[in-house]
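Please read the following note with the sequence and the model open beside it.

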Amino acid sequence: QQEFLKGAKIAYETIITDFGDSDNKLIASKTLLSKKIFDQFNEALQDRGKRGHQAEITFIGINSANIKEYKKIDKILNVTVEFIAEVITCIRDKEKKIVSGNSEKIKKIYDTWVFSRDTNSKNPNWQLIDTLS
């Protein structure tokens, strides 16, 4: 469990930071996302790009990560994790004006994510398959 949570925290920070950075692309976290989630996130980033908006994020840290549920269906293991984290984040427009968020203020974020892996697979990595928050 501790080993899983350690990996989940790294994945969480990687995904949040990748989604929240200025290039509006998913690069570092691509392998951590199911196709469904990748497509959803990518669409949001393309919309952001079309508006000429850019994100800025500073990941402060994770306050807590708790396993809410384990579910095994055949060979697939799904684990639901509740995260509470702190970030400084904002979105800026073409003129670098802040359109949302705050570049100075730490914000608490609450996320419930579902990670999945095929227990028969040689690949030890988990993928984010759902966001419930």
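1. The model is predicted, so local features need pLDDT of at least 70 and side-chain atom pairs count only at pLDDT 80 or more, while totals for chains, interfaces and linings use all residues. Residues are numbered from 1 along each chain as its sequence is written, and side-chain values use heavy atoms, with hydrogens and water left out.

2. Rings of Phe, Tyr and Trp (its six-membered ring) pair if their centres lie within 6.5 Å; planes under 30 degrees apart count as stacked, over 60 as edge-to-face and the rest as tilted. By this rule there are nine aromatic pairs. Tyr12 and Phe83 form a stacked pair, with 4.0 Å from centre to centre and 10° between the planes. Because Tyr12 lies in helix H1 (residues 2–19) and Phe83 in strand E2, the pair ties together parts that are 71 residues apart in sequence. Helices (H or I, at least four residues) and strands (E, at least two) are DSSP runs, numbered from the N terminus. Tyr12 and Phe83 also belong to one aromatic cluster with Phe4, Phe59, Trp113, Phe115 and Trp126.

3. Strand E2 (residues 76–92) pairs with strand E1 (residues 54–73) in the antiparallel sense over 17 bridges; pairing requires that DSSP finds at least two bridges between the strands. Val79 in E2 is the bridge partner of Tyr70. The two strands form a hairpin with two residues between them, and Asp74 in the turn has a positive phi of about 55°.

4. Which residues lie closest to the centre of the largest pocket? The volume of this pocket is about 460 Å³. Of its 21 lining residues, Ile16, Phe19, Gly20, Arg48 and Ile109 are the closest to the centre. The lining divides into 12 nonpolar, six polar and three charged residues. The charged end of Arg48 sits over the ring of Phe19, 5.3 Å from its centre; this label requires CZ of Arg, or NZ of Lys, within 6 Å of the ring centre and within 35 degrees of the ring normal.

Conventions: On a 1 Å grid over the protein atoms alone, a cavity is a set of points where a 1.4 Å probe fits but cannot get out, and a pocket is an open set with protein on both sides within 12 Å along at least five of seven lines; lining residues have an atom within 4 Å of a point. Grid points are joined across faces, edges and corners, and a volume is the space filled by probe spheres set on the points. Ala, Val, Leu, Ile, Met, Phe, Trp, Tyr, Cys and Pro count as nonpolar, Asp, Glu, Lys and Arg as charged, and the others, Gly among them, as polar.
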